[in-house]
Structures are given as structure tokens and as C-alpha cells.
Amino acid sequence: SPSGAADALLQQHSQQLSEQLQLAAVQPLFDTAEGLETPIQLIYLLALLGFLAAGAYLVVRQVLIRRELDEAAKALGERIRTGEATCEDYYELGVILTRKRLFTQATKNLEKAKKLWDGEESDLAQVHNALGFCYFSMEKVDMAIQEYQKAVDLQQGYVTAWNNLGDAYERSKNWKKALAAYQEALAYAPNNNIAMQRMDYCKTRVERLGL
């Protein structure tokens with residue numbers, strides 16, 4: 001009928017109008033997204049360049065440090081070969097080799113420094129601590145503990161050596177002695193974060209094990 005055809009036509013126009021309104025509402029969102037696309041890409045690009053620059057800086061810095069260590073080791077090695085080296089020279093070479101993670105060679109020079117030491121006993125504590133670190137890195141934990149203990153005996157306020165001693169006792173599962181070492185470190189440096197964190201952990205282990 002004519003009225004039915006008119007109603008159908010009116011419904012069709014109404015549906016088309018509704019779709020047009022929906023598209024009109026959504027279109028600004030697409031326009032906004034397209035507008036944001038370029039700034040977002042720029043942000044990603046800048047972030048990538050930042051990471052690359054930081055990585056390049058770290059690589060160059062490591063190269064320069066290694067070169068500096070190599071030159072210092074060469075100079076100290078020459079002094080040792082000519083028989084002009086002092087106990088401090090052996091110690092410095094030992095520290096350099098430790099930083100290069102050449103622990104076996106470092107240990108030999110540090111042991112030599114310990115035997116030839118003619119300075120203050122409190123300064124000798126640094127040699128024992130460095131030796132302890134080398135032995136610990138070589139998985140010789142008992143020898144590391146002996147050296148760390150000598151270091152704190154010579155210099156009771158040596159917080160780094162106390163922390164290292166606690167770490168070595170942790171490795172050997174001696175939780176009570178590890179706890180005591182960290183407590184000693186905190187007695188001299190109450191705000192030492194490493195000692196506080198490890199002391200809490202060791203205290204928990206001691207309580208759980210009923211030690």
C-alpha cells in the first residue's frame with residue numbers, strides 16, 4: 001500500500017541518518033588518533049636514541065677504564081720486574097687485577113703485599129679484605145672468612161669488611177655468625193643499607209631454624 005511504502009522509505013532514511021550521525025561522532029576520534037600518531041612516533045624515536053646514547057656512553061666508559069687499568073698494571077709490572085716495587089705497588093697491582101677479574105694473579109700480588117707490608121697495621125686491613133674478596137670470588141670461602149676476620153681484627157670499624165664477612169658466612173650457611181657480622185657493621189654504620197637488609201634476612205633464618 002502507499003502508506004506502507006512511505007513508512008518503509010521513512011524508516012530507511014531514518015536508519016541512514018542514524019549511521020551518518022554515528023560516523024560523525026566517531027570521525028573526530030580517528031582524526032585525534034592520526035594527530036597523535038606522529039608525536040608518539042617521535043617520543044619512541046627519542047627514547048630509542050636515548051637508550052642508544054646511554055649504551056654507547058657505557059661502552060666507551062668501560063673501554064677507557066680498561067685501558068687505564070691496563071696502563072697502570074703495565075707500569076706496576078715494570079716496577080716489579082726491575083725490583084723497585086714496594087708493598088703498596090703489589091697491593092695496587094692486586095687491586096687492578098681484581099677489578100679485571102683476574103683473581104689468581106691478583107691473589108699472588110696481594111699475598112706478596114701482605115708479606116712485605118711495612119706500613120700501618122690498620123692499612124694492612126685493606127690488603128686482607130682484598131684477599132678475602134679474591135678467595136670468595138674463587139669459591140674458597142673458608143680462606144675468604146679468614147682474611148675478612150683478619151681485616152676486622154686490624155681495623156674494627158671496617159664496615160665493608162664486616163659486610164663481606166657476613167656475606168661469606170651466609171655462603172657457608174653459618175647464619176648466626178653472619179648475623180653477628182652484620183650487627184657489628186651496623187654498630188659502626190647504623191644506616192648501612194646492605195647490613196640492615198642482610199641482618200633482617202639472617203635473623204629470619206636463625207629464628208626459623210631455631211638456632
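The expected span of a helix is 1.5 Å times one less than its number of residues. Keep that in mind for the opening stop in this predicted model.

**Helix 2.** Select residues 87–99, the 13 residues of helix 2. From first C-alpha to last, helix 2 reaches 19 Å, close to the 18 Å expected. Now colour its buried residues: C87, D89, Y90, Y91, L93, G94, I96, L97 and T98. Then step just past the end of helix 2 to R101, where phi is positive, at about 65°.

**K115.** Is K115 buried or exposed? K115 counts as exposed because its relative accessibility is 70%, and the cut-off for exposed is over 50%. Draw a distance from the C-alpha of K115 to that of C87: the two are 8.1 Å apart in space and 28 residues apart in sequence. C87 itself is one of the buried residues of helix 2.

**The largest nonpolar core.** This core has 46 residues, and Y91 and L165 touch the most other members. Elements giving two or more residues to the core are helix 1 (2–81), helix 2, helix 3, helix 4 (121–137), helix 5 (141–154), helix 6 (159–171), helix 7 (175–188) and helix 8 (193–209). Select helix 4 to see the element that gives the most, with eight residues.

Methods
Residues numbered from 1 in each chain as written. Predicted model: local features only at pLDDT ≥ 70, side-chain atom pairs only at ≥ 80, totals over all residues. Heavy atoms only, no water. Helix = DSSP H or I, 4+ residues; strand = E, 2+ residues; numbered from the N terminus. Buried < 20%, exposed > 50% of the residue type's maximum accessible area, 1.4 Å probe, protein only. Core = buried A, V, L, I, M, F, W, Y, C linked by side-chain atoms within 4.5 Å.
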